[in-house]
Each structure stands twice: as C-alpha cells, then as structure tokens.
Amino acid sequence: MSSDFSAAVQRTGTAVRGLVALGLAVSSLSACGKTHDATPRDVALQFYVTLEVAGVRSLPESRALPALEPYLTADLARALSAPSAPAVDAGNVFSGLYEGHTSYVVHEAKQDGDTARVQLDFTNVDLKPAVQWTDTLVLIRQAPSWRVQDLRYGANWDFGYRGSLRAVLACLTGPDAANCRGGTSATPPAPATNTR
C-alpha cells in the first residue's frame, strides 16, 4: 500500500471517528432531554458534552456561547462573554488543569435545597505521568431547570487554576490577566501530588 494511500485512509478513519463521536454526543444530548426535565447530574453531563461538541477548550468563542447558555446562570454567561486580554491564553478554564482533561466521570449530585454540587473526576493521560483530580460543579435551581453557577477547582498542585471559575474569569478580565493561574503548566505536577 502506498504511503499516500495509507495517509488518506488514516485521515478518513480519523474523520469518521470524529463524526461518530459527534453523533453519539448529539444522541446523548437528545436522550437526556431538555434541561428543565433534567437532574443536576444530567445538566452537568449535558454541559460537559456540549463543551466537547462545541470544541470549547478555553474561554468559549462567541459562536459557542449560545450552545452553552441553556446550562448557565445569566450572570455566569455574561462573565464568560466578557472580553479577556487578547494576549492571554487562558487554557481550559472548565477544569482545574490548564491543559484540560482527556476523560471525566460525573457523580451523583449532593443537593441542599435549590443548590446542588456535582463532583467530576477528571483525568489527563496525555501528560506523563497521567494526572487525576476532582472539581465540583455548583448548580442552582432556576425554575424550572438547574443551571451551572460556578466550578470549584479541586486540584492541589501549583500548575493550574485554584479557587473558582468565577474568580478566574474576574481575574482574566482584570489588569493581572497573565497571572491568573497558580503557575506555569510547562511541567506537570509531581506524581505524589497529582491524585485526588
């Protein structure tokens, strides 16, 4: 088989896998139903699937925001749409690791009245050694649906976001935007501190 043909087959296989993944994600969203019928865990899952389908790997571009807005409180949607310093590469603000995750597990919500907390166990196997951590999505009931109000970062290393998504968004739109993370992500955390 010629190398050109092999390369074409590989590109086609990658495209087909991408289309299958997109189809599965859309089917998953359809199966979960609208957010007003969903549990907090369902909304958390739908939110992260939508981030993937929309290709959001950092601060969402304006074209991706309409897909995310059904899952967000109005003030969080405004904070995400606020312009950030154009020279700042924010990394993946939807997880505690700048490089983001390669997989995640969404746990059942812990509910207290109109507030729910959903833990997400994230893994990034692209970093060596692999990194695992747990972040917590905070949702509030805004009748008739649950909406994402914040994300609390749970990573315990110096390389990534700390505190909450709202605090990071406020920092990214401020004068100190280049220093919003706990350090540089050039070196992954040491194995002893990268597990939850």
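## Serine 95

Serine 95 counts as buried because its relative accessibility is 0%; buried means under 20% relative accessible area, exposed over 50%, and partly exposed in between, with a 1.4 Å probe and protein chains only. The model is a predicted one: local features need pLDDT of at least 70, side-chain atom pairs count only at pLDDT 80 or more, and totals for chains, interfaces and linings use all residues. Residues are numbered from 1 along each chain as its sequence is written, and side-chain values use heavy atoms, with hydrogens and water left out.

Serine 95 sits in the loop between α4 and β1. Helices (H or I, at least four residues) and strands (E, at least two) are DSSP runs, numbered from the N terminus. Setting aside neighbours within four places in sequence, the contacts of serine 95 (heavy atoms within 4.5 Å) are Gly100, His101, Phe122, Trp133, Asp135, Leu151, Tyr153 and Tyr161.

## Two buried threonines

Threonine 73 belongs to the loop between α3 and α4. Its relative accessible area is 1%, so threonine 73 is buried. Not counting residues up to four places away in sequence, threonine 73 touches Ile140, Gln142, Arg147, Val148, Gln149 and Arg166.

Threonine 123 is in strand β2, and it is buried because its relative accessible area is 16%. Not counting residues up to four places away in sequence, threonine 123 touches His101, Thr102, Ser103, Val131, Gln132 and Trp133. The C-alpha atoms of threonine 123 and leucine 97 are separated by 9.5 Å, and the two residues are 26 residues apart along the chain.

## The largest nonpolar core

A nonpolar core is a set of buried Ala, Val, Leu, Ile, Met, Phe, Trp, Tyr and Cys residues joined through side-chain atoms within 4.5 Å. The largest one has 43 residues, of which Phe47, Tyr48, Leu72, Val93, Phe94, Leu137 and Leu165 touch the most other members. Two or more residues each come from α2 (40-53), α3 (65-68), α4 (74-81), β1 (103-112), β2 (115-124), β3 (131-142), β4 (145-152) and α5 (165-172). The most come from α2, which gives six residues.

Leaving aside neighbours within four places in sequence, leucine 137 is in contact with Ala44, Phe47, Tyr48, Ala116, Arg117, Val118, Leu120, Val148, Asp150 and Leu151.

## Helix α5

The buried residues of α5 are Leu165, Val168, Leu169 and Leu172. They lie on the same side of α5 because they cover an arc of only 100 degrees around the axis, the arc being that of the directions from the helix axis to the C-beta atoms. The buried residues of α5 pack against α4 and β4.

## The largest pocket

On a 1 Å grid over the protein atoms alone, a pocket is an open set of points with protein on both sides within 12 Å along at least five of seven lines, and lining residues have an atom within 4 Å of a point. The largest pocket has a volume of about 370 Å³, a volume being the space filled by probe spheres set on the points, which are joined across faces, edges and corners.

Its lining has 21 residues, and Glu52, Val56, Arg57, Asn92 and His101 lie nearest the centre of the pocket. The elements that give two or more residues to this lining are α1 (3-32), α2 and β1, and α2 supplies the largest share, five residues. By type, the lining has ten nonpolar, seven polar and four charged residues; Ala, Val, Leu, Ile, Met, Phe, Trp, Tyr, Cys and Pro count as nonpolar, Asp, Glu, Lys and Arg as charged, and the others, Gly among them, as polar.

## Cis peptide bonds

The peptide bond from lysine 128 to proline 129 is cis, with omega near 0 degrees, and proline 129 is in the loop between β2 and β3. The bond from alanine 143 to proline 144 is also cis, with omega near 5 degrees; proline 144 lies in the loop between β3 and β4.

Key:
On a 1 Å grid over the protein atoms alone, a cavity is a set of points where a 1.4 Å probe fits but cannot get out, and a pocket is an open set with protein on both sides within 12 Å along at least five of seven lines; lining residues have an atom within 4 Å of a point.
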